[in-house]
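Good morning, and thank you for coming. I shall speak briefly about one structure, and I ask that you keep it in view as we go.

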Amino acid sequence: MRKIILTISIALFSTISFAQLLQDKTKFTRQDTLRGSITPEREWWDLTYYHLDIEVQPDEKFISGKNTIQYKVLKSHQVLQIDLQPPMQIEKVVQNGNDLEFTSEVNTHFINLKKIQYVGDINDITVYYKGHPREAKRAPWDGGLSWKKDKRGNHFVATSCQGLGASVWWPNKDHMYDEVDSMLISVTNPKELTNISNGRLRKIVENEDETVTSHWFVSNPINNYGVNINLGNYVNFSEVYEGEKGPLDLDYWVLDYNLETAKKHFKDAPKMMEAFEHWFGPYPFYEDSFKLVEVPYLGMEHQSSVTYGNQYKQGYLGMDLSRTGWGLKFDFIIIHEAGHEWFANNITNKDIADMWIHEGFTAYSENLFLDYHYGVEASADYVIGTRANIANDRPLIGKYNVNNEGSSDMYYKGANMLHTLRQLIEDDELWRDILRGLNKEFYHQTVSSQQVEDYISKRTNKDLTAFFNQYLRDVRIPTLEYKMKDGKLNYRYTNIVKGFDMPIQVELDGYSNWLFPNAEWQELETKANTFNVDRDFYIETKEI
């Protein structure tokens, strides 16, 4: 969710991008390549298991511990890349009881392995590390650790690291293409605090030094930035949702003084689950449960541990991103961040350049929630209202292999592209089947934009190449130029990529008609006096 900030001007507000990676970056460094590409030191091994075992000292804002990294050898190689960002430091790396030599290049560390790496072997290394991790100045947009206090003076600590990278606070293979198959997260912290992480709690151990250690196990594949720790004076309540795959545990962890408020406010959670299972298919992580966890920042889509900081308000901190009133019918953070369980956590982009897959579909999920509970017109009002937030400054797809995101328009330009696509398909049951099919076809996988585009083209039996090129890879919005004179309507598209010929629905004297524009002038005989393009199509019009 990360990149939407609201500013109020008179009676209106607008969304502004504010993230360290949402800049129109044209020059890239070696560090960008090491972070953003599948390097030779990454490609030869496949992640199978992590055991992250750390101690968090809130008074000192300090983390220390180790990460055991298990992997399968895909091809023989003797150098392995691990990522950890300063000021965090690797103390040592061990394999089979032997200390290993490594060289460091800022965020990147190349481990020289002594054991011969035979194809098919399952091996592991343990990385010991410590340090004062980067502190988030404006979480979640500027990521890192949030070392805060609640209103009673208790420590309130949380991680957020999308884009910036999980290696800001723990050592890992910090690239989206390879998700670990399962993971154990062991966190030691002062006993007056409770840590909530991903997956299910296996046990809490009381230690002799006034600390406790919680062990959380994630049984499904998980992306690195989705791993989180959250420390606070938490209390818990829960319910069971009867979902498509059976009983699903919904767990809520909130600060003790917000318990009664949360019990009332979190009613949106089962409503969300009902709507999204309808549109997207079964929740992808039944084995790991679903949690909402209160944090000292706005919130993020950590897998099975969605973080929440919307101040128990409807809309986005009490405001409506669509300016239609419909955005105040739900808590934006609950709906948007939980939508990422399907698009970001189940289906994950291989390269952050394709992050529209995460944010476009999830922004679109907001109006699908409204569609399910309030009807199709409400959902159309909402998504069309969000067009005012679109800047059309850069393409939605960024540059590959250098950890570069596309425009923040990936949210609501992405959503309006999908809303337009729904109109082209016409059959809502087919559209729903496509959305569910995406989550089945790419279940627990990392994908490229091209894979998603090809899947939708195949399912719709339409060549959508120019459509996707227009909305994902170009900044221009198609403009329908038209003129009506002497009983004739002439029309054509301008501001389009090669081959763009999207059909549109129009009203002529109030009667619906399909037109099939392209770059050439076309003519239609009509006695109509009025002409309007269906608002559900994201295009512009210009009368000549």
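**Helix α10 and its surroundings**

Let us begin with the buried residues of helix α10, which are Ser 449, Val 452, Glu 453, Tyr 455, Ile 456, Ser 457 and Thr 460. Please bear in mind throughout that this is a predicted model. The helix has twelve residues, and from its first C-alpha to its last it reaches 17 Å, close to the 16 Å expected at 1.5 Å a residue. What covers those buried residues? The cover includes α6, α8, α9, β24 and α11. Directly after α10 comes Asn 461, whose phi is positive, near 60°.

A pair of aromatic rings is described by the distance of the centres and the angle of the planes. Tyr 455 forms such a pair with Phe 442, at 5.9 Å centre to centre and with 70° between the planes, and the pair is edge-to-face. The pair links distant parts of the chain: Phe 442 is in the loop between α9 and β24, Tyr 455 is in helix α10, and they are 13 residues apart. Are these two residues buried or exposed? Phe 442 is buried, with a relative accessible area of 7%. Tyr 455 has 12% relative accessibility and also counts as buried, because the cut-off for buried is under 20%.

**Other aromatic residues**

How many aromatic pairs does the structure hold? There are 35 aromatic pairs. In one of them, the ring centres of Phe 156 and Tyr 234 are 6.3 Å apart and the planes stand at 70°, so the pair is edge-to-face. Phe 156 belongs to strand β12 and Tyr 234 to strand β18, so this pair ties together parts that are 78 residues apart in sequence. Phe 156 is buried, at 5% relative accessible area, and Tyr 234 is buried, at 6%.

There is also an aromatic cluster, whose members include Phe 276, Phe 280, Tyr 283, Trp 342 and Trp 356. Two lysines deserve a mention here as well. The charged end of Lys 151 sits over the ring of Tyr 257, 4.5 Å from the ring centre. Lys 173 lies over the face of Trp 45, and here the distance to the ring centre is 4.1 Å.

Pro 284 counts as buried, with 1% relative accessibility. Which residues does Pro 284 touch, not counting residues up to four places away in sequence? They are Asn 220, Glu 341, Trp 342, Asn 346, Tyr 443 and His 444. One of these, Trp 342, is a member of the aromatic cluster.

The second residue is Ala 363, in helix α6. Ala 363 is buried, with a relative accessible area of 1%. Leaving aside neighbours within four places in sequence, Ala 363 is in contact with His 336, Tyr 411, Tyr 412 and Ala 415. Ala 363 and Tyr 411 are 48 residues apart in sequence, yet their C-alpha atoms are 5.4 Å apart in space.

**Cavities**

The structure holds two cavities of 30 Å³ or more. In the largest cavity there is about 160 Å³ of space. Of the 18 residues that line the largest cavity, the closest to its centre are Arg 35, His 175, Met 176, Ile 352 and Asn 403.

**Features of the backbone**

I shall end with the backbone. Most residues other than glycine have a negative phi, and most peptide bonds are trans. Another runs from Ala 139 to Pro 140, with omega near 0°, and Pro 140 is found in the loop between β10 and β11.

As for positive phi, Glu 426 has a value of about 70° although it is not a glycine. Glu 426 has its place in the loop between α8 and α9, and it is exposed, with a relative accessible area of 55%. Asn 495 also has a positive phi, near 60°. Asn 495 is in the loop between β26 and β27, and it is partly exposed, with a relative accessible area of 37%.

Notes: Residues are numbered from 1 along each chain as its sequence is written. This is a predicted model: local features need pLDDT of at least 70, side-chain atom pairs count only at pLDDT 80 or more; totals for chains, interfaces and linings use all residues. Side-chain values use heavy atoms; hydrogens and water are left out. Rings of Phe, Tyr and Trp (its six-membered ring) pair if their centres lie within 6.5 Å; planes under 30 degrees apart count as stacked, over 60 as edge-to-face and the rest as tilted. Helices (H or I, at least four residues) and strands (E, at least two) are DSSP runs, numbered from the N terminus. Buried means under 20% relative accessible area, exposed over 50%, partly exposed in between (1.4 Å probe, protein chains only). A charge sits over a ring if NZ of Lys or CZ of Arg is within 6 Å of the ring centre and within 35 degrees of the ring normal. The expected span of a helix is 1.5 Å times one less than its number of residues. Contact means heavy atoms within 4.5 Å. On a 1 Å grid over the protein atoms alone, a cavity is a set of points where a 1.4 Å probe fits but cannot get out, and a pocket is an open set with protein on both sides within 12 Å along at least five of seven lines; lining residues have an atom within 4 Å of a point. Grid points are joined across faces, edges and corners, and a volume is the space filled by probe spheres set on the points.
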